[in-house]
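Welcome! Keep the structure open beside you and try each exercise before you read its solution.

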Amino acid sequence: MLVGVLNATPDSFSDGGLHLDPGRAAAAAREMVAAGAGVLDLGAESTRPGATPVVALEERRRLLPVLEAVRAAVGVPLAVDTTKAEVAAAALDAGADMVNDVSAGRFDRRMLLLCARAGVPVVLMHMRGRPATMQRRPAYRDVVADVVAFLRRRVGAARRAGIAPTAIVVDPGIGFGKTVAHNVALLAHLDALAALGYPVLVGVSRKGFLGTLLGGAGAGERVYGTAAAVALAVTRGARLLRVHDVAAMRDVLAVATAVARA
Ligand code: HH2
């Protein structure tokens with residue numbers, strides 16, 4: 001399934017400023033759904049390396065008008081991309097259907113309880129440290145084993161909080177405290193994450209490691225690189241692909257899925 005990205009932020013690396021306006025966000029949402037997105041992921045705080053954290057009040061102020069407009073425009077499930085329980089709760093009240101927490105419930109200890117009480121699915125993503133500092137000399141003993149162990153611990157925390165196993169999605173957190181080699185290793189060995197027994201979500205879309213692999217390509221020039229990474233992730237067991245270029249990735253997904261199933 002394709003998860004379309006809609007950032008209600010002024011500073012996202014890939015689409016910053018494009019969807020702050022509710023009308024434009026709703027139009028983009030309609031387009032993504034028409035192009036094949038099965039879920040939309042709405043965020044109001046950039047998590048790019050070095051991004052300035054946003055307080056909950058500002059995050060809600062950006063997010064809610066956009067979420068309400070998108071909710072009125074499309075019928076697909078909406079995920080809210082936040083690490084704050086207060087923001088997630090407001091989003092669920094305004095019609096969001098699931099939570100995408102890039103801290104896997106570590107930054108706000110109320111988050112997992114909120115998801116359990118609301119009975120909504122949650123994405124648990126691996127990140128080393130915090131966005132402000134995560135790219136400072138990332139190091140792992142064995143990146144794949146370390147990420148699998150981290151996700152196993154966070155799944156345990158989610159289960160203890162009362163979240164149903166069928167409501168848990170895991171994510172290697174491509175680009176979150178990782179070198180290019182770490183990102184590539186995680187994609188190559190995604191089957192080790194899939195073996196945890198939960199659906200795997202992967203977000204490679206337009207990310208910096210692709211720019212490096214492509215000899216310095218800017219965020220807008222990474223669509224074919226994204227396609228390669230999406231296709232390979234699917235053949236290694238990824239079930240949800242978080243992407244900006246939904247129409248292009250629909251074709252990639254169709255072919256990669258056929259190969260994976262065979
Ligand atoms: N990547 C980004 C944001 N949220 N959530 C999950 N589950 N997985 C990811 O890989 C992921 C994510 C970063 O991408 P983007 O939203 O395009 O940029 P920014 O953080 O600058 O808003």
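**Exercise 1. Find the handedness of the crossing of H2 and H3, then describe how these helices pack.**

Step 1. H2 and H3 cross in a right-handed way; a crossing is right-handed if the near helix is turned clockwise from the far one by less than a right angle, and left-handed if anticlockwise. Helices here are DSSP runs of H or I with at least four residues, numbered from the N terminus.

Before going on, note that this is a predicted model, where local features need pLDDT of at least 70 and side-chain atom pairs count only at pLDDT 80 or more, while totals for chains, interfaces and linings use all residues. Residues are numbered from 1 along each chain as its sequence is written, and side-chain values use heavy atoms, with hydrogens and water left out.

Step 2. H2 spans residues 56-73 and H3 spans residues 85-93; their axes lie 10 Å apart at an angle of about 20°. (Axes are lines fitted to C-alpha atoms over the stretch in contact, and angles run from 0 to 180 degrees between N-to-C directions.)

Step 3. H2 is therefore roughly parallel to H3, a label for angles under 35 degrees; over 145 is roughly antiparallel, 65 to 115 roughly perpendicular and the rest oblique.

Step 4. Look for the contact (heavy atoms within 4.5 Å): Ala-56, Glu-59, Arg-60, Leu-63, Leu-64 and Leu-67 of H2 meet Glu-86, Val-87, Ala-90 and Ala-91 of H3. By class, this contact of H2 with H3 holds seven nonpolar, no polar and three charged residues. (Ala, Val, Leu, Ile, Met, Phe, Trp, Tyr, Cys and Pro count as nonpolar, Asp, Glu, Lys and Arg as charged, and the others, Gly among them, as polar.)

**Exercise 2. Work out how H4 and H5 are oriented.**

Step 1. The axes of H4 (residues 111-118) and H5 (residues 143-161) are 8 Å apart, at an angle of about 50°.

Step 2. That angle makes H4 oblique to H5.

Step 3. On the H4 side, Leu-112, Leu-113 and Ala-116 make the contact, and on the H5 side Arg-154, Ala-157, Ala-158 and Ala-161. The contact of H4 with H5 has six nonpolar, no polar and one charged residue.

**Exercise 3. Locate the residues that surround the ligand.**

Step 1. There are 19 residues around the ligand (a heavy atom within 4 Å), the closest being Ser-12, Ser-46, Thr-47, Asp-171 and Lys-207.

Step 2. Now check polar atoms. An N or O atom in the Asp-171 side chain is 2.6 Å from a ligand nitrogen, and a polar side-chain atom of His-244 is 2.9 Å from a ligand oxygen.

Notes: A polar contact is a pair of N or O atoms within 3.5 Å; within protein, one must be able to donate a hydrogen and the other to accept it, and residues adjacent in sequence count only if both atoms are side-chain atoms. Helices (H or I, at least four residues) and strands (E, at least two) are DSSP runs, numbered from the N terminus.
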